[in-house]
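Colleague: I would like to learn how to read a model like this, one feature at a time. Please show it to me first, and then take me through some examples.

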Amino acid sequence: MSNDFCKRTRREFLWEAGAGFTGLALTGLLGTDGFFPKQAEAKIGGANLGGAKKKAKSVIFLFMYGGPSQVDTFDYKPELVKGDGKTVNIKSFRQAGKTIPLTLMGPKWKFKQYGQCGKHVSDLFPHVGAMSDDIAYLHSVYSDSPIHGSAMLQMNSGKILSGSPSLGTWVNYGLGFDAKELPGFVVMLDTTGGPISGAKNWASGYMPAKFQGTVLRSAGDPILDLSRPAGMAPDHQRELLDAIGDLNQAHRKPREDNSNLAARVASYELAFQMQRTAPEAVDISKEPDSIKELYGLNDAATKDFGFRCLLARRMVERGVPFIQLYAGGGNTDFLNFWDAHGGIVPNHNRNAGRVDKPIAGLLKDLKQRGLLDETLVVWGGEFGRTAHATGDGRDHNSYGFTMWMAGGGIKGGVSYGESDELGYAAALNPTPVKRVHATILQQLGLDPNNLTYFYGGLSQKLVGVEGAEPIKEIIA
């Protein structure tokens with residue numbers, strides 16, 4: 001057997017050993033030591049950067065689970081105000097896309113103009129509205145599904161079916177992030193529960209499991225089981241882990257084709273490294289009172305989401321590339337997430353009231369620390385809501401809704417695209433979800449049309465086979 005063949009086989013095994021999230025420690029250490037030749041390192045990094053100019057180092061995706069109403073928040077429509085209570089013919093997804101007579105419902109909150117840009121924002125988001133000069137609003141986003149589960153999968157993975165890598169996975173794969181001490185993809189759920197489809201929204205799909213999202217708990221200690229056993233000193237624990245490692249290596253030698261075993265073995269080393277860094281990363285006790293107040297930690301209504309926003313800033317400071325925060329959770333109590341089929345006033349008052357101040361606090365804090373320029377903040381849900389009423393609420397609307405971006409090389413004080421005069425469907429510059437994804441990748445220095453992963457006989461892309469162009473109009 002040739003020496004080259006032995007080296008190749010060993011490299012392939014070691015790559016498989018890193019297929020789990022916990023394999024990062026092994027591959028990272030070997031890469032640092034120069035063990036891998038250049039072609040193997042490229043496989044670990046996985047990226048074709050395509051020469052894109054990197055403007056952001058991290059992404060914070062603020063996901064408003066359930067579908068916030070664009071016409072009640074950021075998409076001001078005077079004609080909808082005038083048309084309140086009138087019956088018009090509108091295409092309804094509930095009737096398989098047929099046009100039927102439906103009753104319009106005007107916005108339930110007043111709009112005011114904010115900033116030098118004069119952006120109209122409703123009274124639901126006065127704190128975010130005050131930051132409009134730093135925000136690029138996207139008013140013509142549309143998705144392919146009006147159903148929560150598939151729409152969330154598309155917003156998170158680019159596909160309406162499960163099984164594809166999530167956006168955070170693509171980011172970490174593309175950047176070749178080496179998670180030596182903290183995960184590269186962090187997910188923080190709402191205290192009321194997780195979103196529909198659960199872990200599929202942050203899964204690694206057909207990519208190695210090491211790229212999947214790591215969920216931090218929404219209450220109590222964000223990360224469990226990181227405390228060192230009582231009475232054990234660090235050097236003693238290191239000695240114990242080394243001894244266990246030797247036994248594991250001997251056990252693994254005749255089982256080199258078992259990548260799950262290899263990944264499990266590597267997990268102990270990563271856990272040991274996280275014991276030193278993760279507790280400090282999630283400890284906000286030393287944050288000044290002024291910062292805690294900025295995020296709303298002194299108010300019961302905003303404390304939970306404010307805590308997660310503050311953790312997100314701390315993760316950015318420590319180099320984590322992708323952080324996703326969910327606002328809204330569970331699928332039973334309509335007040336706990338944005339799905340306001342009825343009672344839109346109490347629903348949106350509660351959900352916006354929980355996040356408005358913390359989100360503005362996050363933007364202000366990033367800006368005052370000089371981090372906003374290198375941190376891309378994204379806001380949005382899986383879709384929007386209809387201009388017509390469903391009792392005292394609104395139905396799902398995937399035809400046209402609003403998202404926004406701030407920081408990370410994005411222009412502030414601008415709006416891109418328009419919905420129709422009722423705020424129902426994208427009219428000017430219709431923007432599919434994949435263009436939102438393309439913009440995120442572009443700002444991270446990744447070429448969305450050349451970032452590929454070979455699977456199933458195809459060079460897979462987050463933005464699909466046809467590709468997608470970033471929204472250049474909002475890029476500084």
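Modeller: Start with Tyr-455, which counts as partly exposed at 42% relative accessibility. Buried means under 20% relative accessible area, exposed means over 50%, and partly exposed lies in between (1.4 Å probe, protein chains only). This is a predicted model, in which local features need pLDDT of at least 70 and side-chain atom pairs pLDDT 80 or more, while totals for chains, interfaces and linings use all residues. Residues are numbered from 1 along each chain as its sequence is written, and side-chain values use heavy atoms, with hydrogens and water left out.

Colleague: Is Tyr-206 buried or exposed?

Modeller: Tyr-206 has a relative accessible area of 15%, so it is buried.

Colleague: How many aromatic pairs does the structure hold?

Modeller: A pair of aromatic rings is described by the distance of the centres and the angle of the planes. Rings of Phe, Tyr and Trp (its six-membered ring) pair if their centres lie within 6.5 Å; planes under 30 degrees apart are stacked, over 60 edge-to-face, and the rest tilted. There are 18 aromatic pairs here. Tyr-206 and Tyr-455 are stacked, because their ring centres are 4.4 Å apart and their planes meet at 10°. This pair joins distant parts of the chain, 249 residues apart: Tyr-206 is in the loop between β7 (185-188) and β8 (214-216), and Tyr-455 is in strand β18 (residues 453-455). Strands (E, at least two residues) and helices (H or I, at least four) are DSSP runs, numbered from the N terminus.

Colleague: Why do Trp-379 and Trp-404 count as stacked?

Modeller: Their ring centres lie 6.2 Å apart with the planes at 0°, so the pair is stacked. Trp-379 belongs to strand β10 (residues 375-380) and Trp-404 to strand β13 (residues 401-406), so the pair ties together parts 25 residues apart in sequence. Both Trp-379 and Trp-404 are buried. They also belong to one aromatic cluster with Phe-74, Phe-125, Tyr-137 and Trp-338.

Colleague: Which charged end sits over the ring of Tyr-137?

Modeller: A charge sits over a ring if NZ of Lys or CZ of Arg is within 6 Å of the ring centre and within 35 degrees of the ring normal. For Tyr-137 it is the charged end of Lys-119, 4.8 Å from the ring centre. The charged end of Lys-91 likewise sits over Tyr-399, 4.6 Å from the centre of that ring.

Colleague: Which residues line the second largest cavity?

Modeller: Lys-91 and Tyr-399 are among them, as are Phe-93, Pro-146, His-388 and His-396. On a 1 Å grid over the protein atoms alone, a cavity is a set of points where a 1.4 Å probe fits but cannot get out, and lining residues have an atom within 4 Å of a point. β2 (87-92), β11 (384-390) and β12 (393-397) each supply at least two residues of this lining.

Colleague: Where does α12 bend?

Modeller: The bend, of about 30°, is at Ala-352; it is the angle between axes fitted to the seven residues ending there and the seven starting there. Just after α12, Gly-370 takes a positive phi of about 75°.

Colleague: What is the phi of Ser-197?

Modeller: Most residues other than glycine have a negative phi. Ser-197, although not a glycine, has a positive phi of about 75°. Ser-197 is found in the loop between β7 and β8, and at 29% relative accessibility it is partly exposed.

Definitions and conventions. 1 Å grid on protein atoms, 1.4 Å probe; cavity = no way out; pocket = protein on both sides within 12 Å on 5 of 7 lines; lining within 4 Å.
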